[in-house]
Amino acid sequence: MPSANNLSTTQQIPLTCSGHTRPVVQLSFSKFISGNRYMLISACKDGKPILREGPTGDWLGTFLGHKGAVWSAMLNADTSRAVTASADYSA
């Protein structure tokens, strides 16, 4: 955990990931896979979870099929599977 002295020198760079048409309600990050690589998945009110390369935010794929807002999305440990929970009562 950073000390109070280091907080003023810590710099955060925002990552903008376009692609959603409605608000993002959750971001879920995978564990590190092969070195410093990781992935993230976003749950969104547009009903289309998006998988991205973690460090860059580059688009890897969009999950289609939900007819309602997606409230939650998670990846398994090796990022080979994703699970979503939606307002259309499907997963």
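This is a predicted model: local features need pLDDT of at least 70, side-chain atom pairs count only at pLDDT 80 or more; totals for chains, interfaces and linings use all residues.
**Briefing: strands, core and salt bridge**

At 3% relative accessibility, L40 counts as buried, and this residue is found in strand β2.

**Surroundings of L40**

- Leaving aside residues up to four places away in sequence, L40 touches L27, S28, F29, I50, L51, R52, G54 and L75.
- One of these contacts, L51, is 11 residues from L40 along the chain, and the C-alpha atoms of the two are separated by 5.9 Å.

**Strand pairing around β3**

- Strands β2 and β3 run antiparallel and are joined by four bridges, with M39 standing opposite E53 in β3.
- The hairpin of β2 and β3 has five residues between the strands, and G47 in this hairpin takes a positive phi near 80°.
- β3 also pairs with strand β4 (residues 59–62) in the antiparallel sense, over three bridges, and here L51 stands opposite G61 in β4.
- The hairpin of β3 and β4 likewise has five residues between the strands, and G57 takes a positive phi near 80° there.
- I50 and R52 point one way from β3, whereas L51 and E53 point the other way, and all of these residues are buried.

**Nonpolar core**

- The largest nonpolar core has eight residues, namely I33, M39, I41, A43, L51, V70, A73 and L75, and the elements that give two or more residues to this core are β2 and β5 (70–75).
- In soluble globular proteins, nonpolar side chains tend to be buried together.
- A73, one of the core residues, touches Q26, S28, I41, S42, A43, V83 and T84, not counting residues up to four places away in sequence.

**Salt bridge**

- A search of the whole structure finds one salt bridge, in which the side chains of R37 and E53 meet at 3.0 Å, N to O.
- Because R37 lies in the loop between β1 and β2 (39–44) and E53 lies in strand β3 (residues 50–53), the pair ties together parts that are 16 residues apart in sequence.
- R37 counts as partly exposed, at 35% relative accessibility, whereas E53 is buried, with a relative accessible area of 15%.

**Nonpolar surface**

- V24, L27 and F29 make a nonpolar surface patch of about 290 Å².
- L27 lies in strand β1 (residues 24–29) and, at 47% relative accessibility, counts as partly exposed; L27 is also among the residues that L40 touches.

Definitions and conventions: Residues are numbered from 1 along each chain as its sequence is written. Side-chain values use heavy atoms; hydrogens and water are left out. Patches are made of residues with over 30% relative accessible area and no salt bridge: like charges are joined within 9 Å, nonpolar side chains (Val, Leu, Ile, Met, Phe, Trp, Tyr) within 5 Å. Accessible areas come from the Shrake-Rupley method with a 1.4 Å probe; for residues, only the protein chains shown count as cover. A salt bridge is a side-chain nitrogen of Lys or Arg within 4 Å of a carboxyl oxygen of Asp or Glu. Buried means under 20% relative accessible area, exposed over 50%, partly exposed in between (1.4 Å probe, protein chains only). A nonpolar core is a set of buried Ala, Val, Leu, Ile, Met, Phe, Trp, Tyr and Cys residues joined through side-chain atoms within 4.5 Å. Contact means heavy atoms within 4.5 Å. Two strands pair if DSSP finds at least two bridges between them.
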